[in-house]
Amino acid sequence: MPAGIAKGKRSSTSLQVDPCLQPLPQLSVSPALFQKFQKLIYGETGIWLGNAKTALLCGRLFRRLRELDLDSLETYYERVAGPDQYEERARMIDAITTNETRFFREPRQFQFVVQNLFPRWRVEAEGGLRPRRVRIWSAGCSSGEEPYTVAMLVARYLPAEDGWDVRLLATDISTRMLEKARRGVYPITRSGEIPPDLLQSFMLRGIADREGEMKVKSEIREMIDFRRLNLDQHSDLIEGPFDAIFCRNVLIYFDAASKNRVVANLVRHLMANAHLFVGHAENLSSFSPQLRSLEPTIYIKAGDTENRVQSV
Ligand SMILES: C[S@@+](CC[C@H](N)C(=O)[O-])C[C@H]1O[C@@H](n2cnc3c(N)ncnc32)[C@H](O)[C@@H]1O
């Protein structure tokens, strides 16, 4: 059992059987079964579903049960927890994860990138302190809006024509979201999230049977490698170390133990003096002595210039 779960304040022996809310009148989950799902999901992802999330569990798994023609979560658990059921567990994770995202979410951070980070990298490159090479990781990229936002800014401000070699790694645990991200197709109604000049330069408007859609241009899509990765598992990424990592609105789903593991993993993949961006509800001050807060949601990894030049 993973450390710190199903113990102390998390045990829920006093809970009654909780019939899930409409429109799923036939699904119900007993406290004991809910705890089994809690542990399974935690073990697979680091995501901790609090005891108040019974309706969420039922709601999100309902469609999958229907697809499998199963009529109870009990039966589904027996299936999904089977030792060789990797694919079914991936489907369960697809259903359980919260994937809300948008282009230019938390615009203050992108202002920081354009006004502080890019100029700094440019000055360093001009001073011979770094090559014109930048590596950025969007960790928990969902359907791609976050890495595409960064890629559009890079294409505009650090263009390949000026000798910049910039690549992005974008990872998520949800295969369904990664498929969407790789396609790079979004409803045209979302175009208002993107500044007009970038929209015009880097998005294609669908016509005929693609009316109502927009698609990220290939020059932007090709800057990004999308890959499935569980942030709660130790990973060695050959693409790193990174000059900047965006891990926004992901850590809120973890408990303290998994958050600790994930932050340690992220910090390990950051170069010295590189930046980590988190979501507005995520404070990392107590999580890593190597991180110094520059402003809310933006951290820098402690280190000296010598370290950084070595690690490039
Ligand atoms: C709310 S979205 C955030 C998307 C984007 N970063 C943003 O801020 O707009 C959270 C994403 O984290 C992913 N996620 C959750 N647990 C994860 C894990 N253990 N490893 C990798 N990704 C995970 C989910 O699949 C989901 O797509």
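This is a predicted model: local features need pLDDT of at least 70, side-chain atom pairs count only at pLDDT 80 or more; totals for chains, interfaces and linings use all residues.
**Entry 1: the whole chain**

I began with burial: 35% of the 312 residues in the chain are buried. Residues are numbered from 1 along each chain as its sequence is written.

Next I looked up the secondary structure, and the chain has 11 helices and 12 strands. These are DSSP runs numbered from the N terminus: helices are H or I with at least four residues, strands are E with at least two.

I then turned to contacts, where two residues are in contact if their C-beta atoms, placed from the backbone, lie within 7 Å. Among contacts between residues at least 6 apart in sequence, 72% join residues at least 24 apart.

**Entry 2: the nonpolar core**

Which residues touch the most other members of the largest nonpolar core? I found Ala151, Ile245, Cys247, Leu266 and Leu276, in a core of 75 residues. Strand β10 (residues 270-278) gives this core its largest share, six residues. The core also draws at least three residues from each of domain 1 (8-96) and domain 2 (107-311). Those domain bounds come from an automatic or database domain assignment. My note on the term: a nonpolar core is a set of buried Ala, Val, Leu, Ile, Met, Phe, Trp, Tyr and Cys residues joined through C-beta atoms within 7 Å. In soluble globular proteins, nonpolar side chains tend to be buried together.

Not counting residues up to four places away in sequence, Cys247 touches Ala139, Gly140, Leu266, Leu276 and Val278.

**Entry 3: Ile136**

I picked Ile136, which sits in strand β3 (residues 133-139). Is Ile136 buried or exposed? Ile136 counts as buried because 25 other C-beta atoms lie within 10 Å. Ile136 and Ala244 are 108 residues apart in sequence, yet their C-alpha atoms are 5.0 Å apart in space. Leaving aside neighbours within four places in sequence, Ile136 is in contact with Val150, Leu168, Phe242, Asp243 and Ala244.

I looked at helix α5 (residues 107-126) and helix α6 (residues 145-157), whose axes come within 11 Å and cross at roughly 35°. The axes are lines fitted to C-alpha atoms, for helices over the stretch in contact, and angles run from 0 to 180 degrees between N-to-C directions. The crossing of α5 and α6 is right-handed. That word applies when the near helix is turned clockwise from the far one by less than a right angle, and left-handed when anticlockwise.

Where do the two helices meet? On the α5 side I found Phe110, Val113, Val114 and Phe118, and on the α6 side Thr149, Leu153 and Tyr157. The residues of this contact divide into six nonpolar, one polar and no charged. Here Ala, Val, Leu, Ile, Met, Phe, Trp, Tyr, Cys and Pro count as nonpolar, Asp, Glu, Lys and Arg as charged, and the others, Gly among them, as polar.

**Entry 4: backbone details in loops**

I found a cis peptide bond from Gly240 to Pro241, with omega near 0°. Pro241 lies in the loop between β8 (224-228) and β9 (242-247).

Glu106 has a positive phi of about 60° although it is not a glycine. Glu106 is in the loop between α4 (86-96) and α5, and is partly exposed, with 19 other C-beta atoms within 10 Å.

Asn249, also not a glycine, has a positive phi near 60°. Asn249 lies in the loop between β9 and α10 (256-268), and is buried, with 21 other C-beta atoms within 10 Å.

Phe254 is in the loop between β9 and α10. The C-alpha atoms of Phe254 and Trp48 are separated by 5.5 Å, although these residues are 206 residues apart along the chain. Not counting residues up to four places away in sequence, Phe254 touches Gly46, Ile47, Trp48, Lys259 and Val262.

I finished with Arg89 in helix α4. Arg89 counts as partly exposed, with 18 C-beta neighbours inside 10 Å. Leaving aside neighbours within four places in sequence, Arg89 is in contact with Glu44 and Val80.

Conventions:
A residue is buried if 20 or more other C-beta atoms lie within 10 Å of its own, exposed if 12 or fewer, and partly exposed in between; C-beta atoms are placed from the backbone.
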